[in-house]
Amino acid sequence: MKVKTLGQFIIEKQSDFPYAKGELSRLLRDIGIAAKIVNREVSKAGLVEILGETGEVNVQGEVVKKLDIFANDQFIAAFKAGGEVCAIASEENDDIIPIDSEISKNAKYVVAIDPLDGSSNIDVNVSVGTIFSIYRRKSSSGPGTKEDFFQHGTDQVAAGYIIYGSSCMLVYTTGKGVNGFTLDPSIGEFCLSHPNMSTPESGKVYSINEGNYLHFPEGIKHYIKYCQEEDMASNRPYSSRYIGSGVADIHRNLITGGIYIYPTTTKSPKGKLRLLYECNPLAFILEQAGGMASNGNKRIMEIEIKELHQRTPLFIGSCKMVKKSLEFMQS
Ligand code: AHM
Ligand code: MG
């Protein structure tokens with residue numbers, strides 16, 4: 001069997017960007033290495049004392065798990081040591097983390113990251129993920145600034161996610177399609193397992209936290225009913241699948257076809273998910289795979305960002321299904 005590792009693939013793809021000097025390649029490689037370390041810890045979650053809550057509350061007002069902190073520290077350390085990034089924005093940090101060092105003063109990129117998404121699933125041995133988004137800096141040199149992050153999703157240079165699941169996978173795009181790599185633990189390498197990923201136009205799965213049903217907008221309630229109705233032509237009823245780990249739900253739907261929705265609710269009138277390090281990178285991946293991502297009336301990647309931790313509703317997945325849900329929202 002001929003395997004292609006993530007490292008080999010990245011080097012091979014560098015020629016897609018004739019003026020690139022290898023910085024982005026090195027940054028992606030650094031992410032791959034940090035991901036392996038986080039995976040090692042996540043897979044030991046049930047064994048060690050690291051499991052459980054630290055009791056501290058993060059900037060979103062949620063209780064922080066120890067593994068969230070571990071993952072956050074690990075990625076930040078990788079970016080600082082790599083020298084390709086001049087600032088980091090993380091779900092776990094209120095403000096950006098400017099990097100002030102000799103090796104990164106001319107770094108071209110900033111990274112936004114959700115180091116461990118779906119972390120409430122850690123204690124129960126269910127998949128969690130990391131989501132990352134890479135932009136070219138707007139500032140000229142020295143440590144990056146907040147303005148470096150205030151760009152549209154369409155400006156992303158690369159984005160991806162890592163899923164710590166039954167196997168560990170890294171999926172990324174640089175705007176030329178989507179490729180997925182599965183970690184082979186016996187050799188400790190991510191190997192190309194899902195080349196040129198594309199999502200079906202339509203599928204049979206809808207993913208939404210129906211526990212919030214009473215607090216959903218009317219359009220969503222009607223769309224859920226539509227998903228449950230019988231109709232041979234459109235393959236309904238659809239199956240309801242909701243892990244509560246956005247990366248895992250969206251990854252499954254990408255492969256099988258489906259729709260994931262986190263709408264506004266009366267309790268979270270702006271939605272729950274964050275634009276910068278959750279919705280934009282996932283939207284970039286889905287669009288590159290032939291799918292679609294919207295906030296209900298606008299393309300996710302065209303939303304103007306005004307705050308680091310800005311929230312947005314999210315409708316993401318197979319084109320036909322997302323379009324249908326938007327019809328319900330708009331009527
Ligand atoms: P987190 O970043 O705090 O883990 O929250 C994001 C997660 C998504 O992964 C998941 O799809 C969603 O929140 C689940 O939320 P809920 O429990 O409200 O359904
Ligand atoms: Mg998250």
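**Questions on a predicted model**

Colleague: Why is N125 called exposed?

Modeller: The relative accessible area of N125 is 75%. A residue is exposed over 50%, buried under 20%, and partly exposed in between, with a 1.4 Å probe and only protein chains considered. N125 therefore counts as exposed. The structure is a predicted model, in which local features need pLDDT of at least 70 and side-chain atom pairs count only at pLDDT 80 or more, while totals for chains, interfaces and linings use all residues. Residues are numbered from 1 along each chain as its sequence is written, chains are lettered from A and ligands numbered from 1 in the order in which they are written, and side-chain values use heavy atoms, with hydrogens and water left out.

Colleague: Why does N196 count as exposed, and what is its phi?

Modeller: N196 has 59% relative accessibility and therefore counts as exposed. Its phi is positive, about 45 degrees, and N196 is not a glycine either. This residue belongs to the loop between β10 (189–194) and β11 (205–207).

Colleague: What makes the peptide bond from R236 to P237 cis?

Modeller: Its omega is near 10 degrees. In general, most peptide bonds are trans. P237 sits in the loop between α4 (218–228) and β12 (239–240).

Colleague: Which residues are the protein donors of the magnesium ion (ligand 2)?

Modeller: They are E91 (OE), D114 (OD), D117 (OD) and E278 (OE), at 1.8 to 2.6 Å from the ion. Donors are N, O and S atoms within 2.8 Å of the metal (3.2 Å for Na, K and Ca), and because water is not among the atoms, sites may look incomplete. The 1.8 to 2.6 Å range falls within the 2.8 Å limit, so these atoms qualify. Along the sequence the donors follow the spacing E-x22-D-x2-D-x160-E. E91 is in the loop between β3 (85–90) and β4 (97–98) and D117 is in strand β5, so this pair ties together parts that are 26 residues apart in sequence. Both E91 and D117 are buried.

Colleague: How do you know that an oxygen atom of ligand 1 meets the side chain of E91?

Modeller: An N or O atom in that side chain is 3.0 Å from the ligand oxygen. A polar contact is a pair of N or O atoms within 3.5 Å; within protein, one must be able to donate a hydrogen and the other to accept it, and residues adjacent in sequence count only if both atoms are side-chain atoms. The E91 pair therefore qualifies. A polar backbone atom of G246 is 2.5 Å from an oxygen atom of ligand 1.

Colleague: Which residues around ligand 1 come nearest?

Modeller: Of the 17 residues around the ligand, D117, Y242, G246, Y260 and Y262 come nearest; a residue is near a molecule or strand if one of its heavy atoms lies within 4 Å of it.

Colleague: Why is P281 called buried?

Modeller: Its relative accessible area is 1%, so P281 falls under the 20% limit. P281 is part of helix α6, where 12 of the 14 residues (275–288) are buried. The C-alpha atoms of P281 and D114 are separated by 10 Å, although these residues are 167 apart along the chain.

Colleague: Is Q310 buried or exposed, and what does its side chain meet?

Modeller: Q310 has 15% relative accessibility and so counts as buried. A polar atom of its side chain is 3.1 Å from the backbone oxygen of E304, and one is 3.2 Å from the backbone nitrogen of E307.

Colleague: Why is R299 called partly exposed?

Modeller: Its relative accessible area is 31%, which lies between 20% and 50%, so R299 is partly exposed. R299 is located in the loop between β14 and β15.

Definitions and conventions: Helix = DSSP H or I, 4+ residues; strand = E, 2+ residues; numbered from the N terminus.
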